[in-house]
Amino acid sequence: MRDRGRTPADGWAEDFSYGYYRTLLHALRAAFELRTLSERLPGGRDGERTAFLRHDVDVCLERAVELAEIEHELGVRSTYMVLPDTPLYNLEENRDVLHHLCELGHEIGLHCDLGPAANGAEPTDGGLTAAEHRRITDGRRRLAALDLRPVRSVSFHRPAGRVLGGPRRIDGM
């Protein structure tokens, strides 16, 4: 349902297609300096408007490649956050897909689901439990074993409120 008086140019289009994504990228490039998550500069440059492009790949790596190819064609780089422990795709079996994303100039980051690791334990350093830190380290190690560029970005899949208010850097990411 559309809001009265709003047009697709005011916000999201009703049909979020690859064509619309191209239009969105053109608009972003015209207004912002586009960066991957790991390219965050402390303090930034005076007057620079920056947007960080990130995709949480929760379901399908093949669809991520379609977006990555569009971005590459337009000279845009982004961060693809992948889940190491998902039943929907296997990182090791999709090693070539992940390498292709890197070859297109994109960053691979760790998308970590901490839900199973919390287990009622008390948070320690930075609002995370010891088990959550181990889960992050294990996920990063799995990505490193695929011979990808160093993993420098992390995001959380359905994070708890205590994690959202935590530190900006976790385990060096």
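The following paragraphs lead the reader through the structure shown above, from its overall layout to individual residues.

This is a predicted model, in which local features need pLDDT of at least 70, side-chain atom pairs count only at pLDDT 80 or more, and totals for chains, interfaces and linings use all residues. Residues are numbered from 1 along each chain as its sequence is written, and side-chain values use heavy atoms, with hydrogens and water left out.

The protein contains six helices and six strands. Here helices (H or I, at least four residues) and strands (E, at least two) are DSSP runs, numbered from the N terminus. Read from the N terminus on, the order of the elements is α-β-β-β-α-β-α-β-α-α-β-α.

The protein has 173 residues, of which 39% count as buried. A residue is called buried under 20% relative accessible area, exposed over 50%, and partly exposed in between (1.4 Å probe, protein chains only). The accessible surface comes to about 10400 Å², and 50% of it belongs to carbon and sulfur atoms; these areas come from the Shrake-Rupley method with a 1.4 Å probe, and for residues only the protein chains shown count as cover. Contact means heavy atoms within 4.5 Å. Of the contacts between residues at least 6 apart in sequence, 68% join residues at least 24 apart.

The interior comes next. In soluble globular proteins, nonpolar side chains tend to be buried together. A nonpolar core is a set of buried Ala, Val, Leu, Ile, Met, Phe, Trp, Tyr and Cys residues joined through side-chain atoms within 4.5 Å. The largest such core in this model has 39 residues, and V82, L98, I108, I136 and L143 touch the most other members. At least two residues of this core come from each of α1, α2, β4, α3, β5 (107-112), α5 and β6 (154-156). Helix α2 gives the most, with six residues. Leaving aside residues up to four places away in sequence, V82 touches a set that includes V57, L61, Y89, L98, I108 and L143.

Two further buried residues may be followed in the same way. T79 lies in strand β4 and is buried, at 0% relative accessibility. T79 and T36 are 43 residues apart in sequence, yet their C-alpha atoms are 5.2 Å apart in space. Beyond its neighbours within four places in sequence, T79 is in contact with residues including T36, L37, L53, H55, E107 and S153. N94 is found in the loop between β4 (79-82) and α3 (95-103). N94 is also buried, with a relative accessible area of 13%. Not counting residues up to four places away in sequence, N94 touches L61, E62 and Y89.

Charged side chains form another set of links. A salt bridge is a side-chain nitrogen of Lys or Arg within 4 Å of a carboxyl oxygen of Asp or Glu, and the whole structure holds nine of them. One of these joins the side chains of R22 and E73, at 2.7 Å from N to O. R22 lies in helix α1 (residues 18-31) and E73 in helix α2 (residues 61-73), so this pair ties together parts that are 51 residues apart in sequence. R22 is partly exposed at 26% relative accessibility, whereas E73 is exposed at 53%.

R63 is exposed, with a relative accessible area of 51%, and E66 is partly exposed at 32%.

R135 and D85 form a salt bridge as well, with closest N and O atoms 3.6 Å apart. R135 lies in helix α5 (residues 130-144) and D85 in the loop between β4 and α3, so the pair ties together parts that are 50 residues apart in sequence. R135 is partly exposed at 22% relative accessibility, as is D85 at 48%. A network of salt bridges links D85, E92, R135 and R142. Helix α5 also holds D138, which is partly exposed at 40%. D138 and P84 are 54 residues apart in sequence and 8.9 Å apart in space, C-alpha to C-alpha.
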